[in-house]
Amino acid sequence: MNEGIAGKLAKQFINSKITPLLMMAALLVGIMATFMTPREEEPQIVVPMVDIYIPLPGATPAEIEARVAKPVERTLTEIPGVDYVYSTAMPDVALVTVRYKVGEDAEKSMVKLWSTLMKNMDKMPQGAGFPFMKKVSIDDVPVLNLTFWSKDKDPYQIRQTATQVADELKKVKNIGDVEIKGGQRRQVRIMLDKAKLQHFNVSPLQIARQIQQTNSQMTSGDFRQVNQEIVVRTGKFLENAADVSNIVVGIYGASPVYLRDVASIVDGPEEVNNYSFFGFAAAAPKGSPSGEYPAVTLTVAKRKGGDASVLAGKVMEKVETMKKSIIPADITVSETRNYGATASEKVFTLLEHLLMAVVAVTVVVGFFLGWRGSLVVLASVPITFALTLLIYYLLDYSLNRVTLFALIFVTGIVVDDSIIIAENIHRHFAMKRQPKLQAAITAISEVGNPTILATFTVIAAVLPMVFVSGLMGPYMSPMPIGASLAMIFSLLVALIATPWLSFRLLKSGDDGHHEEYDITKSGYYKLFNTVLTPFIDSSFKRWMAFGVVGLMLAGAIAMVPLKAVQMKMLPFDNKNEFQVILDMPEGTSLEQTSRVAKEISGYLKSVPEVQSYQYYAGVNAPINFNGLVRHYYLRQKANMADIQVNLVHKGERKAQSHDIAKRVRAGVQEIARRYNGNAKIVEIPPGPPVLSTLVAEIYGPSQSEQIALAKQVKQVFESTPGVVDVDWMVEEDQKVYNLVVNKERAAARGVSAEQIAQTLRMSIAGMDVGLLHTENGHDPVTIQVRLPQSARSSRQDLSGIFVQSQGMGSLTSRLRAGQMIPLSELVRVEEKVQDKSIFHKDLQRVVYVTADVAGATESPVYAMLDMDKKIQKLKVPGGYSVNPLYTANPANEEKLAMKWDGEWQITFEVFRDLGTAFAVVLVIIYLLIIGWFQSFKTPLIMMIAIPLSLVGIIPGHWLHGAFFTATSMIGMIALAGIMVRNSVLLIDFIQIRRAEGAGLKQAVIESAAVRTRPIILTSGAVVIGSVVMLFDPIFQGLAISLIWGGVLSTILTLVVVPLVYYMAEKKSN
Amino acid sequence: MHLRNKLFLLPALLPLFFTGCGPHEPLPAKSGSPVSTVAVESIVPVRSSGHAPAAEELLVPKSAIFMKGDLEGVLVVGAGDLISVRWIRTGRSLNGDRVVLGGLEKGELVVGKYSAAINEGVTVKKSPRVTEEKNTNE
């Protein structure tokens, strides 16, 4: 027999001393790599996203849209690599978000963006501020949150402690950004007294100018004297509140007016601008206090490539030591997020699963080949994985749930090569036709080449998944890469290590029976003889059998349109947290928002699985990856609140986080609705985050028409069962007082419009006029000039504000310079409604309606199909109907149009790419087998096995009540490779037997009999290895595909493929 | 070959595949914890200053307001006489009252005199003097 590559390799290594050394070396480097590879939960996804803020003070959204947003967008879309450009034109400012294609280099993208922006700065309107660019990256997401809370201390004091701690933590190696959420900063507040200002004839602008001019100090140069240089320094910075209060701001009569004469100066907390509280809930450990406490949260992010769990450990250690010194006894530090711990846990759970899978597979192999055989197989797995982990490390992958999952996924597959080789050696040893060494080499030569071919078919099956594009790409790509690498290593191990091990471990059949081996006496042969003969002999029965199989296939596929099995991109993972996002109508006071947040928290407190909660009103909660994409870090307005809900550890509760979220939704929203608010339950998405699960983008000729249609679409959303958390990105009407300056009067009094605007801004919003130069520089201490709260709450309060006339210098007035003019004389108040923000997506004006799905339907696609019919019936001006679009933006904006986006977009991209990948897989497999068998027909027969897997896969999902997800699809694709490999092994043996002179029928039955054992063994390994994944919410779909598809298509392959081959060959004979 | 005997064991593994089927039962929600009752001197409603509707202002007595650092709070008597802390923002003073800028609504009941002894989550009893106080306040 021709030895082939496999036989030659085996001959080299089967008795070589180098083989055990190679095995040991592989194991060692693998173990080292495992410890050196950083661990994290989510894969590193590089989605360069840049937010650009361009201020144009005073402009309306429409103006911003036309003058700032549009020109910027237009230039930015020209940059290569830009995927989407979004913009929001708000009053006074434009926010343009540029999203690059996944995987684009972040730094290069920033540079390109910067240069393009600078090139076009001349197109910016007069008065536009300098653009402020902010890169948004996954490493901005804090991995560790420490909440400082106290029964007795107030938010200001807590924040000061947190600031000191943050300062210390900055010294920890490899630490990223440290931020503080909540509490009040230290500030020197200059609260103006309107009456005294008028009395002393001092204007707010004058005060600001005086403070700025006083607060200066600089090095003036040096004197040289007697061979020495003496530095000369001038001025003195403001160092404390007393310094500030002693500033002379004006003159009254002959005496100076000090700042303290016209304002009260307080060095202390800034004005309250957020309410953040912490509380324990129903599932808190016994003895936890029941109230809610002012809280300040310190967030720690990691640096790129750092190990989250190591960093978290170091930080916690440091915090422990500070508990004696910096952190007073009455401030408690609670860990409210630790992604390091969750990452470690996830990694270790997956490693445990991996181990279980390996053990389970070994046991199965043991059934067939005895313990010695299973030992051979068992030894080959760690070597394969060790090498794969090494490559992970070299390729800069981290150990995360996707990379590890790739390993679990291939556990069942990587043992196959070893199984096939070991099994055949075992069989040849048992046959005893040759001496031991010769038997082993013959055995390897016999199956070696089909094994190599089979390995490449499986690789061909999984590798095209690399080409999944979009956000899902980085989630997917480690899988095909990891799996392909593991397959190649497993092949090498099977050809080098397995023969060496088998030769030493497997016994050459000294178990008693010495008669000549005869296949026809084996149980398998008898079985297949009885099963296959009737079908081979009677073509009627054969067609009947094909008919039955065809019906089963049709029945299985029919389950999809019948909704017995639903499609979804990815199911929810069981997490230990979720968030409640509360939006009150625009214009709601911070206190009212905080009150609603508090009430919702009160309800959440009673939920048995909730351990603790924090609410943040007026400041955003520490973001997660989801919040990063959804821009939750901008949620700092008075009408917004975030509630972070921490559940007990998933091991200590029965309910999945998704079920808890579903359960509390009604209660939470009921409270929010009572106050006209909108509350959403936001879970951490299992895959790439999107704006919302369901997004309807509404395009049209004018904003008012778009909003009118959006309103109708929103109603459709609300009336569809299973669609929850309905919201839209259209602000509620907010009251605006427009102070219109009477230009003539202002000119006659020597006052400029700018002066008026600045005075008002300083009085109401306050103005930071400088920094206090303190010794300990934890948080910068700003000096702010503002009217006290009590003097700036109504229109009447405006009357007491004065501006100073510029006098003759203004060239429009004959008044004396410095004369105080009351504002009320110069402005007229107009009551208006705030203009709505204008959103753009890829240069088209858009209004978003968003929602989530839960309950009646968990898959957005079905909800969308449901709503399509209703949306088509909507009446729009012009009398046409709106057909929701699925994949492409509307061609023009002349007519109202709607496009689905959100999870759908990603689902569509993934299934499209996976579908394309699958088609490519089929072609590659076909080509591979043609190359091997030199026949155009045989590959087609072999590929019959592929659709047969559907008979198992779809009903399997139905039995488990699971969704057909992206992972199910991956399972299906991988299965195609495995099933073709089985066919290859079957038909290869038929051809060998026929070449040896056996009859067609005899060869077919013999081949089925001989190959059943390795086929059942390898498929069994895949099936058993996948069982552990059944319990993982995300990978369940893949497990179901592999298990049910594997079982049914193996059985069907063993019967159908030989029969079809028989039929085809008989005809050609 | 003695494999056939062992092969029968394989179907025994089948039930394993069915594990994880079916939805999980939701847990019933726990009912509230025991509450204690405290008697307070006065409970007053949030009043309106009664100016023109455009310039309406809400008032609470100064004694009802407590400070936590810079946070200002009142004890609100909610449904079932349950006490909860409400953070508010106040403006200028008006006689013995403060103008409430945010956090309270007209007609809500607050404890007239703040006492650190009254914790969130307790219920309060209106002592007989309550009605008198209300009258004198108005």
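Two residues count as in contact here if their C-beta atoms, placed from the backbone, lie within 7 Å. With that in hand, welcome to this predicted model. In helix H2 of chain A, Met23(A), Ala26(A), Leu27(A), Val29(A), Gly30(A), Ile31(A), Ala33(A), Thr34(A) and Met36(A) meet a set of residues in H11(A). The tour below starts with that helix pair, moves on to strands and loops, and ends with chain B.

**Helices H2 and H11 of chain A**

- Helix H2 covers residues 18-36 of chain A, helix H11 covers residues 339-394, and their axes come within 7 Å.
- The two axes cross at roughly 45°, and H2(A) and H11(A) are therefore oblique to each other.
- The crossing in which H2(A) passes H11(A) is left-handed.
- On the H11(A) side, the residues that meet H2(A) are Pro382(A), Ile383(A), Phe385(A), Ala386(A), Leu387(A), Leu389(A), Leu390(A), Tyr392(A) and Tyr393(A).
- Sorted by class, this contact of H2(A) with H11(A) has 16 nonpolar residues, two polar ones and no charged ones.

**Helices H5 and H10 of chain A**

- Another helix pair to look for is H5 (residues 155-169) with H10 (residues 308-322), both in chain A, whose axes are 11 Å apart.
- H5(A) and H10(A) pack at an angle of about 130°, and they are therefore oblique to each other.
- In this pair the crossing is right-handed.
- From H5(A), the residues Val165(A), Glu168(A) and Leu169(A) take part, and they meet Val315(A), Lys318(A), Val319(A) and Met322(A) of H10(A).
- By class, the contact of H5(A) with H10(A) has five nonpolar residues, no polar ones and two charged ones.

- Strands of a sheet pair through backbone hydrogen bonds, in either a parallel or an antiparallel way.
- Strand S3 of chain A spans residues 93-100, and six of its eight residues are buried, so the strand is largely enclosed by the rest of the structure.
- Strand S1 (residues 49-55) of chain A pairs with S3(A) in the antiparallel sense, over seven bridges.
- To find your place in that pairing, look for Tyr53(A), which stands opposite Leu95(A).
- Strand S2 (residues 82-90) of chain A also runs antiparallel to S3(A), and eight bridges join them.
- Here Met90(A) stands opposite Val93(A).
- S2(A) and S3(A) form a hairpin with two residues between the strands, and in this hairpin Asp92(A) takes a positive phi near 80°.

**A four-stranded open sheet in chain A**

- Four strands of chain A make up an open sheet with the order S12-S7-S24-S23 and mixed pairing.
- Its edge strands are S12 (263-269) and S23 (767-772), each of which pairs on one side only.
- From one strand to the next, the twist averages 25°.
- Helix H7 (residues 204-214) of chain A packs on this sheet and touches strand S7 (186-192), S23 and S24.
- The direction of H7(A) makes about 20° with that of S23(A).
- S23(A) pairs with strand S24 (residues 781-786) of chain A over five bridges, in the antiparallel sense.
- In that pairing Gly770(A) stands opposite Ile783(A).

**Positive phi values in loops of chain A**

- Most residues other than glycine have a negative phi.
- Lys563(A) has a positive phi, near 65°, and it lies in the loop between helix H17 (539-558) and strand S16 (577-583) of chain A.
- Is Lys563(A) buried or exposed? Lys563(A) has 11 other C-beta atoms within 10 Å, so it is exposed.
- Leu843(A) also has a positive phi, near 75°, and it sits in the loop between strand S28 (838-841) and strand S29 (844-853) of chain A.
- Leu843(A) is partly exposed, because 16 other C-beta atoms lie within 10 Å.

**Chain B**

- Chain B contains three helices and 10 strands.
- Along its sequence, chain B follows the pattern α-α-β-β-β-β-β-β-β-β-β-β-α.
- Of the 138 residues in chain B, 25% are buried.
- Among contacts in chain B with a separation of 6 or more, 67% are between residues 24 or more positions apart.

Note on methods
Residues are numbered from 1 along each chain as its sequence is written. Chains are lettered from A and ligands numbered from 1 in the order in which they are written. This is a predicted model: local features need pLDDT of at least 70, side-chain atom pairs count only at pLDDT 80 or more; totals for chains, interfaces and linings use all residues. Axes are lines fitted to C-alpha atoms, for helices over the stretch in contact, and angles run from 0 to 180 degrees between N-to-C directions. Angles under 35 degrees count as roughly parallel, over 145 as roughly antiparallel, 65 to 115 as roughly perpendicular and the rest as oblique. A crossing is left-handed if the near helix is turned anticlockwise from the far one by less than a right angle, and right-handed if clockwise. Ala, Val, Leu, Ile, Met, Phe, Trp, Tyr, Cys and Pro count as nonpolar, Asp, Glu, Lys and Arg as charged, and the others, Gly among them, as polar. A residue is buried if 20 or more other C-beta atoms lie within 10 Å of its own, exposed if 12 or fewer, and partly exposed in between; C-beta atoms are placed from the backbone. Two strands pair if DSSP finds at least two bridges between them.
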